[in-house]
Each structure stands twice: as structure tokens, then as C-alpha cells.
Amino acid sequence: MTQHHDRWGLPLGISAFMLWGAMPLFFPLLEPAGAIEIVANRVVWSLAFCLIALAVMRQLGAFRDALRSPRILGTLATAAVLIVINWVVYVYAVLTDRVLDAALGYFINPVITVLLGVLILRERLRPVQWLAIAFGAASVVVLSTGLGGLPWISLCLALSFGMYGLVKNRVGRTVQALPGLAVETVVATPFAVAYLVWLGSSGTFTGHGAGHSVLLMASGVVTALPLLLFGAAARRLPLSVVGMLQYLTPALQFLVGLLIFGEHMPAARWVGFILIWVALVLLTTDGIHQSRKTPRIR
């Protein structure tokens, strides 16, 4: 059984992160819908997909248990707010030809996660981790001065996803990925439905052909499928491997923005990216070194 898990873990993980990395190619297909309308549809159809998946995977009981726990429900409601903010900013970035800013945000995310550990969890960092944070800060300074303003899309994506991960970590051992996402979408769905009702005839779901409607509905599958693949991979792979795979997503987003969408890369942006890549190399190397020093529990 262990060999079976090892054999499937890597393909599942790579598939999840590659799907996330390719998402910038999907959202332009949903135009003329705007970012908030796309996210509202994404929430509604994600819930529908999650409920079907919960029934198929026999996890409806875990979903009901999470809804009945005030502590878990409150925590996941906070997670829902953070992930919706992340989705709106991300879709806005894609629709306004700022995929490179989105990629930078997810490259910055590991540095932000380490920093949140210091500020919120009072963790003590090793010198290499402090050096990585310094390179991350230098990247933001270079981009801010060289491009004429804070890279707010990148910072918003990194902060919202970093906080989302922190919140999810508090329930990670008690709620699996699929029931957790289902609860989050349950919390967000009334607001999404209210927004779509408010849009009414000015929305794009019914006025742009059946193909457009199907694509908006497919956003639920596009949202939930990578998470299911990721959840399956995370149970089969060492955490260090999962940590390395996460860089596939922003790397693919970077290539999509640069090579397919042809976004401009002035010198300041190149320097900013190189500085954050140095920070990631430092964090990754330090993480591998520490994992080798930690004795394995047999």
C-alpha cells in the first residue's frame, strides 16, 4: 500500500500545482464577466461541486460535524473571507493583464508565511530565515521605487493567502480539505447569491450564450479539482516535497504572463523577481537542511 501511495503522490501533486499555475488561461474565457461576478459564480458552483464530491467520497458526515462546531465554523468563516479576497484580487489581476504581479505574490507568499510565524505565533527564526526575509523586503522596495508604487496586488495576494494558510492550520488536523472548503463556500454562498441577484439582468450568466454559462459553471470544478488533487497528494508525500512543488504554480504563472500574455518586464521587475527567488532558495535550502537534522520517528 505504501508503494502505491508513493507512486501516485507525485503525479497528483504536480497535477494540482500545474492546474493552479494554468488558471490565468481560464479566467479571460469568462469575459465580459468582471472579477466579482466571476468569484461569485466560482463560490456558488464550487459549493455544488463540493456537495457532489462529499457524497461520492462519503464525507458528508465530516461536513455536518464541521458546521455544528461553533469553533470550527467560526475559524472557517474567517478563512472564507480571506480566500474570497484572494480570489477577487487574483481574478482582477488576470483580467487586467497583471499576471506577473499575481505570480510575484505567490512567490512572496512563503516569505510572508515565515514573517507571520514571527509576528503572530512568536516563532524564533534562524539567521538564514531572517536573511530570506531581508531579501523579500528588498524585492518589495525595488519594485515600489522602480515601478512607481507598492506592488499592491502581489502583497494582497501574499498576505491574504498567508493568513488563509495560518487560519486553516488551526483546523487542519480536525477538518479535511474537502469538508473544509465546503464549509467555507457555504459561508460565502449567501453573499455570492445576493450579489448575483443584485446584478440581475446586468450580469453575464444568461445574456452571452450557453457556452458562457457553462464556463461560469465550470469555474466551480476549476476551483475544487486542484484542491482535491492537492489533498490526495499531501497525504502521500513528505511535507518537504509538497513545499518544493508549491513553486510550480507561480513559476507557471510567470511563464504565462511573460510568454503567452506578453506582459512587460522592465529592469526593476526583473531585479525584484531575482531578489525574491534568492529568498526562496535560502528558505528551501534551510528547510531541507533542518529536515535532515530532525530525527525520524519510527
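1. A cavity, on a 1 Å grid over the protein atoms alone, is a set of points where a 1.4 Å probe fits but cannot get out, and its lining residues have an atom within 4 Å of a point. With that in hand, here is the lining of the largest cavity: Val-43, Ala-80, Ile-83, Val-84, Trp-87, Leu-181, Glu-184, Thr-185 and Ala-188. Two elements, α4 (70-95) and α8, each give two or more residues to this lining. Helices such as these are DSSP runs (H or I, at least four residues), while strands are E runs of at least two, and both are numbered from the N terminus.

2. Before going on, please note that this is a predicted model: local features need pLDDT of at least 70, side-chain atom pairs count only at pLDDT 80 or more, and totals for chains, interfaces and linings use all residues. Residues are numbered from 1 along each chain as its sequence is written, and side-chain values use heavy atoms, with hydrogens and water left out.

3. How many cavities of 30 Å³ or more does the structure hold? There is one, and the largest cavity contains about 40 Å³ of space. Here a volume is the space filled by probe spheres set on the grid points, which are joined across faces, edges and corners. Its lining residues divide into seven nonpolar, one polar and one charged. In this count Ala, Val, Leu, Ile, Met, Phe, Trp, Tyr, Cys and Pro are nonpolar, Asp, Glu, Lys and Arg are charged, and the others, Gly among them, are polar.

4. The term means a side-chain nitrogen of Lys or Arg within 4 Å of a carboxyl oxygen of Asp or Glu. Is Glu-184 buried or exposed? With a relative accessible area of 3%, Glu-184 is buried; buried means under 20%, exposed over 50% and partly exposed in between, using a 1.4 Å probe and protein chains only.

5. In the whole structure, the search finds four salt bridges. One of them joins Arg-269 to Asp-101, whose closest N and O atoms are 3.0 Å apart. Arg-269 lies in helix α12 (residues 267-293) and Asp-101 in helix α5 (residues 99-119), so this pair ties together parts 168 residues apart in sequence. Both Arg-269 and Asp-101 are buried. Along with Arg-98, these two residues are linked in a network of salt bridges.

6. Another salt bridge runs from Arg-126 to Asp-286, with 2.6 Å between the closest N and O atoms. Arg-126 lies in the loop between α5 and α6 (127-146) and Asp-286 in helix α12, so the pair ties together parts 160 residues apart in sequence. Arg-126 counts as partly exposed because its relative accessibility is 30%, whereas Asp-286, at 8%, counts as buried.

7. Finally, look at the largest nonpolar core, which has 30 residues. Such a core is a set of buried Ala, Val, Leu, Ile, Met, Phe, Trp, Tyr and Cys residues joined through side-chain atoms within 4.5 Å. Phe-27, Leu-30, Ile-38, Val-43, Tyr-90, Val-91 and Leu-157 have the most contacts inside it. Helix α4 gives the largest share of this core, 10 residues.

Methods: On a 1 Å grid over the protein atoms alone, a cavity is a set of points where a 1.4 Å probe fits but cannot get out, and a pocket is an open set with protein on both sides within 12 Å along at least five of seven lines; lining residues have an atom within 4 Å of a point.
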